[in-house]
Structures are given as structure tokens and as C-alpha cells.
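Me: I would like to learn how to read the packing in a model like this one. Could you take me through the features in turn, giving the general idea before the particular case?

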Amino acid sequence: FFQKTLTAVKNWFTLFGWSKGQNPISIPYSLRRDACKVQMSSSQETAFKQNLGKDTKTVYDMVFHLSGQLLPGITSSKSLPLDPVEQMLQLHWQYSVLLSFLKNQGAYLPHVMPEFLLEPDDYKRWIKVQTDLKVDVKNLDILSDNLLFVLEDSTFETMSKRAWTDVLLQIYKVFVLPRVSSRNITDQFSLESMQKMPRIKSEPLSSNIYSPYERTILTWLNKHYEKNRKTVWKDCQKGGVPPMRWIVTFDRDLLDGLVLAAQLAAYCPYLIPTHFVRMYTNPRTHEQFLHNCLILVDAMHAVNLAIDIKV
């Protein structure tokens, strides 16, 4: 499950997280590496680093692109200290600023500490500095509230991957999902057939799973499916008109491809005779589900909706 989540997050941010087209990322490797690369400098490689820095994008560039806000005190032109320990402390401070900024925007990241976002070698330096500090301080009560997690190498990599994945998910939650507007679905229950369906409440506390923005999307899915199912599949070659359904989840209710096909047909009706009439409207087997999803992905490609979704 976590691997599938990581893959989905990686694909979305590769495609849509940057200001100038696609930028392939790997979690956590490129995010950790590029946070340093864009700012590092040395007397021997200054020219090379400067040229490299122009094309290197950091997580701070991503946050600025998605939120329109600059992180306080962090600029891509500011170079890191050459001393490895000072460099690590500077990065740790930057990640602390990033996490504080996201939390202030509504991100939920109590389990992510700045040191989990560091490179493995920097994490070891962080542990050493903190351990030495605890030993040097006579009054240990001063640091008693500072939790220090000493992780083995393999455990740290697992934790870092999880931490970066959760940071990206929260960035999506606070900067991308709120763009969903309910203004265009005010007529969501104007159809007589939809009067019989239970409504999806938009109040913040009406669901402990989905946010109001996600429930707006579910309402949009319900609206277009119910409005279009009889039109899309009136001449279906593999079954009759599919039955009414109440769409309440983003996984199980979309598995057969019919709901997503109804959304696509609402905006591209010319795909109905070329693609959607060949779908199974009452699929029972894995092969029929696969058949429907093959047609759906092919329809996406036909309208150049290249978002790298696999069948």
C-alpha cells in the first residue's frame, strides 16, 4: 500500500509540481540531494555549480509554484557553509522552517522531524552533535524535552522515505485540494433522478475520511454519472444502461471504469461512439474490468490527457 502511494505521489509531483513542465523526482533521494546541490559551492567548482544550480529545482521551488509563497529566510541563491557540520545545521534549520510553514497552512505532520529529511550522512552528524551537546551540558534538564531518535541506517532510510512521502501528501492537501470549487455544482440535485439519491454533505465534520474538497469532487462524480449514464450507454454493445449508483469512495466505486468514463463523456461526448459504447456496463470478471479500463485509458490518450495513468 505504501509503495503504491509513493508511486502515485511521485508521478503527480513529477508531472504537476513544477513551474516549467515535468521534472522527474525520486522519493526521497532527489529531494534530499537537490536541496543541497542548488546551494553548494566550492572554490574549485564554482562555475560548474552555478551552471548546475540554474537547472536544479528544489522542494522550495515546488512549494513556491504550488502556493505562491516564499519560505521566510530561504532563497535558492543563498549558499551553504563549506563545513559539513555547519552545512548540516543549515539544512536542518531550513527543513524546520519548511515544516513550520506547512503546519501553519494546515498540514498535519507531528510525526515528521527535520532530521528525517536529511541525507543519511547528515543525519549521523546531527545525532553526533546532539549527543555531544547532551554530554557537555551540565544541567541535562535543559534538553530533557528534546527527543532524540537514533535510527539504524536501514531504519532511517525507511523513515526518511515515509517522511518525504507524507510531506508531499500534505503539500498536496493544503495547496492543491483547496482549489476545488463548489460554485459549478450548485445545480447538483436539479435532476429529478438525483432527488432520490442521498446527498453528500459538505460540512467539515460530516466525514472523518474525506475533506470538504474531496466530498465536492464526489458530488461532481455523482452528478455526471447520473446525468450521463443513460446517454453514454443507450447503444451499448456489451449490456444495457448501467444502474444508478451512489459514489462515496475514490477506490472501489471507480474500479470498473464506468464512473470515470461518464465524467470524460460529459466534456468529450465524441468519445462515446468511438470508445465508451464498447464497455461492459455490468462487469463481473477481472477480464471485463480490465477491458473497460483499457478503453478508458485509450480514450484519455485520444484527447491527449497524458497523466501517466496505468490501466
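**Reading the fold and its packing**

Reply: Among the contacts in the protein chain between residues at least 6 apart in sequence, 64% join residues at least 24 apart. Please keep in mind throughout that this is a predicted model.

Me: Which secondary structure elements does the protein chain have, and in what pattern along the sequence?

Reply: The protein chain has 11 helices and zero strands, and read along the sequence its pattern is α-α-α-α-α-α-α-α-α-α-α. Of its 311 residues, 41% are buried.

Me: How should I describe two packed helices?

Reply: The description rests on two quantities, the angle between the helix axes and the distance between them. Here, helix H1 (residues 2-16) packs against helix H7 (residues 153-175) at an angle of about 55°, and their axes are 10 Å apart. Because of that angle, H1 is oblique to H7, and the crossing of the two helices is left-handed.

Me: Which residues of H1 and H7 meet, and how do they divide by class?

Reply: From H1 come Phe-2, Thr-5, Leu-6, Val-9, Trp-12 and Phe-13, which meet Lys-161, Arg-162, Thr-165, Leu-168, Leu-169, Ile-171 and Tyr-172 of H7. Sorted by class, this contact contains nine nonpolar, two polar and two charged residues.

Me: At what angle do H8 and H9 cross, and are they parallel or perpendicular?

Reply: The axes of helix H8 (residues 212-232) and H9 come within 8 Å and cross at roughly 80°, and therefore H8 and H9 are roughly perpendicular to each other. On the H8 side the contact is made by Trp-220, Leu-221, His-224, Tyr-225, Asn-228 and Val-232, while H9 contributes Leu-258, Val-259, Ala-262, Gln-263, Ala-265, Ala-266 and Tyr-267. The residues of this contact divide into 10 nonpolar, three polar and no charged.

Me: What is the general idea behind a nonpolar core, and which residues of the largest one touch the most other members?

Reply: In soluble globular proteins, nonpolar side chains tend to be buried together. The largest nonpolar core in this model has 44 residues, of which Leu-102, Leu-168 and Ile-171 touch the most other members. Two or more residues are given to this core by each of H1, helix H2 (29-37), helix H4 (59-67), helix H5 (84-104), helix H6 (120-136) and H7. Leaving aside residues up to four places away in sequence, Leu-102 touches Ala-107, Leu-109, Val-167, Ile-171 and Phe-175. Another core, of 26 residues, lies apart from the largest one, and its members include Tyr-210, Ile-247, Leu-271 and Ile-295.

Me: Is Val-259 buried or exposed, and which residues does Val-259 touch?

Reply: Val-259 lies in helix H9 (residues 258-267), and because its relative accessibility is 0%, Val-259 counts as buried. Beyond residues up to four places away in sequence, Val-259 touches Leu-221, Tyr-225, Arg-245, Ile-247, Asp-253 and Leu-254. Arg-245 is 14 residues from Val-259 in sequence, and the two are 9.5 Å apart in space, C-alpha to C-alpha.

Me: Why does Thr-14 count as buried?

Reply: The cut-off needed here is that buried means under 20% relative accessible area. Thr-14, which is found in helix H1, has 14% relative accessibility and therefore counts as buried. Not counting residues up to four places away in sequence, Thr-14 touches Gln-22, Asn-23, Pro-24 and Ile-25.

Note on methods. Residues numbered from 1 in each chain as written. Predicted model: local features only at pLDDT ≥ 70, side-chain atom pairs only at ≥ 80, totals over all residues. Heavy atoms only, no water. Axes fitted to C-alpha atoms, helices over the stretch in contact; angles between N-to-C directions. Helix = DSSP H or I, 4+ residues; strand = E, 2+ residues; numbered from the N terminus. Parallel < 35°, antiparallel > 145°, perpendicular 65-115°, else oblique. Left-handed = near helix turned anticlockwise from the far one by under 90°. Contact = heavy atoms within 4.5 Å. Nonpolar A, V, L, I, M, F, W, Y, C, P; charged D, E, K, R; others polar. Core = buried A, V, L, I, M, F, W, Y, C linked by side-chain atoms within 4.5 Å. Buried < 20%, exposed > 50% of the residue type's maximum accessible area, 1.4 Å probe, protein only.
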